[in-house]
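Trainee: May I ask for a close look at one aspect of this model, namely how its helices pack against each other?

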Amino acid sequence: MIRADIRTRITRRPSILVKQIEADICVVGSGAAGLSAALEAARAGRKVVLVEAAPSLGGQAVNSIIGTFCGLYSNGPEIVRLTYGIADEILEALISEGAARYMPARNSIIVQYDEIKLSRWVDKTIQSEGITVLLGAVVRKANVMGRRITGLEISTKFGDVHVDAGGFIDASGDATVAWHAGLEVKTPESPIFGTQVVLFENFDETAAEKIDRWEMQDRLAEKADDYGLTRKDGFVFAFPGHGTALANMTHVATPLDPVKYANTVFSGRDQAERLLEFLTVEFPEAYREARIRRYATPGVRQTRWIKGTQSLTADDVRSGRVFDDTVARCSWPIELHDDPAEAYWEELGDHHVHAVPLGALIPAEVDNLVAAGRCIDGDTVGLSSVRVMGPCIAMGAAAAHTLILAGSGSTHQVNINKLKKK
């Protein structure tokens with residue numbers, strides 16, 4: 001039966017249409033650091049707004065399909081967990097559903113996970129805490145008065161949004177808030193490459209399991225030029241019983257330019273297709289019938305970061321320096337992707353633990369902004385070891401409690417012992 005009473009109305013865009021939102025804390029970026037920060041702040045009774053440029057929450061863990069939680073655990077032989085907080089909840093939820101598993105890697109333990117299950121955990125947990133979420137929301141201006149950021153001007157496809165907050169957490173990965181606030185930021189002098197992760201399906205999981213990873217990497221190094229592939233190392237691994245294999249064997253530029261970034265998406269997918277050709281020809285017993293199931297959003301490693309009151313250096317990482325204002329611990333290797341052909345790995349040995357100081361999270365020029373995740377202050381080598389998800393979760397928690405303790409005062413004057421207790 002056709003309904004005849006459905007009507008339309010004529011409308012026109014108002015000359016000024018800005019949605020106003022007020023919060024105690026505004027978090028920009030919903031990756032591991034941003035999620036940790038938002039949840040810690042909300043559970044401490046603060047009104048939180050979470051701003052995400054992508055159309056879904058989860059950051060690169062979900063949208064770039066990183067595939068593994070790295071940096072949660074120490075090095076061997078007596079491996080212990082170094083990061084807790086929301087990591088406890090994520091691991092418990094995913095492992096109980098068969099959506100995550102522990103794997104040995106780099107003298108430590110990593111956790112392989114199902115990105116779809118992680119995505120839904122993120123959605124439901126953020127909703128349960130009453131956090132206001134903006135998706136597809138791009139920061140275009142940060143309003144600054146004296147030494148305080150007072151608000152963010154944000155664009156969405158549904159109209160502009162103005163967010164006022166007492167404190168801000170820059171977990172954007174690209175120091176987006178600091179950049180738009182006109183603060184000093186750092187960029188690498190030479191490019192740090194990202195990765196186009198790709199999921200394959202319709203492959204022989206049993207045969208794939210028998211392929212030695214290092215044999216595959218040697219074959220790639222030998223044959224990459226024949227297939228037009230840039231990167232000559234990396235890995236492919238399947239999630240048992242899920243029918244998919246994740247490939248991390250490409251390098252793509254990740255420029256901070258809108259047109260050039262679009263070209264990154266196209267070139268990354270071209271590389272993924274060439275990688276599939278390499279696998280089907282060189283390892284036909286496993287990948288003869290394989291096809292691409294999903295292209296992830298290009299994974300970004302290091303692009304732009306804040307200038308803090310302290311900078312984490314390569315020497316700090318290698319020496320295992322512990323700071324008076326330590327807020328995170330990590331044992332992950334130095335993992336530098338500055339060569340298009342290969343990644344540089346420097347494992348740091350048994351029992352090695354290095355730290356992240358609060359000073360690396362606090363921009364020197366303002367009093368109510370804290371960075372967390374891969375846009376904290378560090379030299380290129382030092383940052384390459386702490387931008388993984390384990391320490392990012394710890395940094396997010398530290399950022400939230402720093403702002404809570406600072407209140408209407410300055411993050412530069414927070415009592416570090418009270419912060420460590422939190």
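Mentor: Helices α3 and α4 are oblique to each other, because their axes cross at roughly 125°; angles under 35 degrees count as roughly parallel, over 145 as roughly antiparallel, 65 to 115 as roughly perpendicular and the rest as oblique. The model is predicted: local features need pLDDT of at least 70 and side-chain atom pairs 80 or more, while totals for chains, interfaces and linings use all residues. Residues are numbered from 1 along each chain as its sequence is written, and side-chain values use heavy atoms, without hydrogens or water.

In this pair, α3 covers residues 86-96 and α4 covers residues 115-128; helices are DSSP runs (H or I) of at least four residues, numbered from the N terminus. The axes of α3 and α4 come within 11 Å. On the α3 side, the contact (heavy atoms within 4.5 Å) is made by I86, E89, I90, A93 and L94. Helix α4 contributes K117, L118, W121 and T125 to this contact.

A second pair consists of helix α1, residues 32-43, and helix α12, residues 389-406. Their axes are 7 Å apart, and the two helices pack at an angle of about 35°. Here too the crossing, of α1 past α12, is right-handed. From α1, the contact is made by A32, A33, S36, A37, E40 and A41. From α12, the partners are M389, C392, I393, G396, A397, A400, H401 and I404.

Key. Axes fitted to C-alpha atoms, helices over the stretch in contact; angles between N-to-C directions. Left-handed = near helix turned anticlockwise from the far one by under 90°.
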